Amino acid sequence: QVQLVESGGGLVQPGGSLRLSCTASGNIFSINDMGWYRQAPGKERELVATITNKYITNYADSVKGRFTISRDNDKKMVYLQMNNLKPEDTALYYCNADVRVRGKGWQIYDNTYWGRGTQVTVSS
């Protein structure tokens with residue numbers, strides 16, 4: 001099994017900053033793509049940012065220039081630096097990872113995992 005645990009969410013004023021962290025653990029052979037998604041009440045979950053294991057990044061248009069995704073492969077972590085936060089950024093933020101998992105013996109397989117989410121609230 002593989003587990004993803006997010007941290008760093010909280011309540012901030014508009015214009016403030018937060019840094020989200022996600023740590024992967026378990027029977028991990030390697031981690032491919034990682035990303036952050038968010039879901040506000042009454043809305044569908046949406047992509048925020050992704051980063052490949054070659055450090056290629058992709059961002060939603062709504063966060064470009066404000067958010068930065070990064071990763072540390074040795075620590076099996078992914079981060080989301082969020083600057084100039086806006087009320088519309090309020091959502092539950094989820095960590096996502098595509099993982100190559102160690103199985104029994106020589107077996108390996110790929111699977112996608114999600115964290116339970118961390119709440120980000122931007123309000124005055």
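Student: How many salt bridges does a search of the whole structure find?

Tutor: Five. By salt bridge I mean a side-chain nitrogen of Lys or Arg within 4 Å of a carboxyl oxygen of Asp or Glu. Keep in mind that this is a predicted model, where local features need pLDDT of at least 70 and side-chain atom pairs count only at pLDDT 80 or more, while totals for chains, interfaces and linings use all residues. Residues are numbered from 1 along each chain as its sequence is written, and side-chain values use heavy atoms, with hydrogens and water left out.

Student: Okay, which side chain meets R38 in a salt bridge?

Tutor: That's D89, at 3.0 Å from N to O. R38 sits in strand β4 and D89 in the loop between β8 and β9, so the pair ties together parts that are 51 residues apart in sequence. Strands here are DSSP runs of E with at least two residues, numbered from the N terminus, while helices are H or I runs of at least four.

Student: Are R38 and D89 buried or exposed?

Tutor: Both are buried. The scale goes like this: buried is under 20% relative accessible area, exposed is over 50%, and partly exposed lies in between, using a 1.4 Å probe and protein chains only. Compare D61, which is exposed at 63% and forms a salt bridge with K64, the closest N and O atoms being 3.2 Å apart.

Student: What about R100, which residue does it form a salt bridge with?

Tutor: D110, with the closest N and O atoms 2.8 Å apart. R100 belongs to strand β9 and D110 to strand β10 (residues 108-114), 10 residues apart. R100 is partly exposed at 30%, and D110 is partly exposed too, at 47%. Elsewhere, salt bridges that share partners join R38, E46, R66 and D89 into one network.

Student: Let's move to cysteines. Which residues does a disulfide join?

Tutor: First the rule: a disulfide is a pair of cysteine sulfur atoms within 2.5 Å. By that rule the count is one, and it joins C22 to C95 with an S to S distance of 2.1 Å. The link is left-handed, with -80 degrees about the S-S bond. C22 lies in strand β3 (residues 18-26) and C95 in strand β9 (residues 91-102), so the pair ties together parts that are 73 residues apart in sequence. C22 is buried at 0% relative accessible area, and C95 is buried at 0% as well.

Student: What order do the strands of the open four-stranded sheet have?

Tutor: Strands pair if DSSP finds at least two bridges between them. Here the order is β1-β3-β8-β7, with antiparallel pairing. The edge strands, β1 (2-7) and β7 (67-72), each pair on one side only. Six bridges join β7 to β8 (residues 77-82), and S70 stands opposite Y79 in β8.

Student: And the largest nonpolar core: how many residues does it have?

Tutor: A nonpolar core is a set of buried Ala, Val, Leu, Ile, Met, Phe, Trp, Tyr and Cys residues joined through side-chain atoms within 4.5 Å. The largest one has 32 residues, and those with the most contacts inside it are W36, L80, M82 and Y93. β9 gives the largest share, six residues.

Student: Which residues is M82 in contact with?

Tutor: Contact means heavy atoms within 4.5 Å. Leaving aside neighbours within four places in sequence, M82 touches residues including L18, L20, F67, Y93 and V120.
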